[in-house]
Amino acid sequence: MGKWKVTVDRDTCIGDGICASLCPDVFEMDDEGKSVVIKPEIGDDLKDCVQEAVDSCPVSCITMEQIE
Ligand code: SF4
């Protein structure tokens with residue numbers, strides 16, 4: 001068991017929506033067409049899909065940091 005903190009650098013995000021498609025429980029596209037983290041603290045259940053989003057983001061602007 002663990003907990004991870006998820007962040008998006010919105011200045012770098014190019015708004016292609018990949019993260020929101022891969023992991024809609026954690027990322028959403030907002031009115032500005034950029035990703036917003038709707039669930040900033042995640043557990044084991046969402047870790048794999050966030051990791052996939054981290055690996056798939058073309059501008060590497062998603063971070064996931066273990067906090068517990
Ligand atoms: S995958 Fe990266 S660039 Fe694409 S919307 Fe998500 S945060 Fe933005």
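This is a predicted model: local features need pLDDT of at least 70, side-chain atom pairs count only at pLDDT 80 or more; totals for chains, interfaces and linings use all residues.
You will find Ser60 in the loop that links helix H2 (44-56) to strand E5 (62-66). For comparison, most residues other than glycine have a negative phi.

Now step back to the protein as a whole. Two helices and five strands make up its elements, and from the N terminus on they follow the order β-α-β-β-β-α-β. The radius of gyration of the protein is 11 Å, close to the 11 Å that the globule rule gives for 68 residues, so the protein is as compact as a globular protein of that length. Along the principal axes, the C-alpha trace spans about 35 × 20 × 15 Å.

What share of the 68 residues counts as buried? The figure is 34%. The contacts tell us how the chain comes together: among those between residues at least 6 apart in sequence, 59% join residues at least 24 apart.

Finally, turn to the ligand. The space it takes is the largest cavity. Around the ligand are 13 residues, and the closest are Cys13, Asp16, Gly17, Cys19 and Cys57. Sorted by class, this shell holds nine nonpolar, three polar and one charged residues.

Key. Residues are numbered from 1 along each chain as its sequence is written. Side-chain values use heavy atoms; hydrogens and water are left out. A residue is near a molecule or strand if one of its heavy atoms lies within 4 Å of it. On a 1 Å grid over the protein atoms alone, a cavity is a set of points where a 1.4 Å probe fits but cannot get out, and a pocket is an open set with protein on both sides within 12 Å along at least five of seven lines; lining residues have an atom within 4 Å of a point. A molecule sits in a cavity or pocket if more than half of its atoms lie within 2 Å of its grid points. Ala, Val, Leu, Ile, Met, Phe, Trp, Tyr, Cys and Pro count as nonpolar, Asp, Glu, Lys and Arg as charged, and the others, Gly among them, as polar. Helices (H or I, at least four residues) and strands (E, at least two) are DSSP runs, numbered from the N terminus. The radius of gyration is taken over C-alpha atoms; the globule rule is 2.2 Å times the number of residues to the power 0.38. Buried means under 20% relative accessible area, exposed over 50%, partly exposed in between (1.4 Å probe, protein chains only). Contact means heavy atoms within 4.5 Å.
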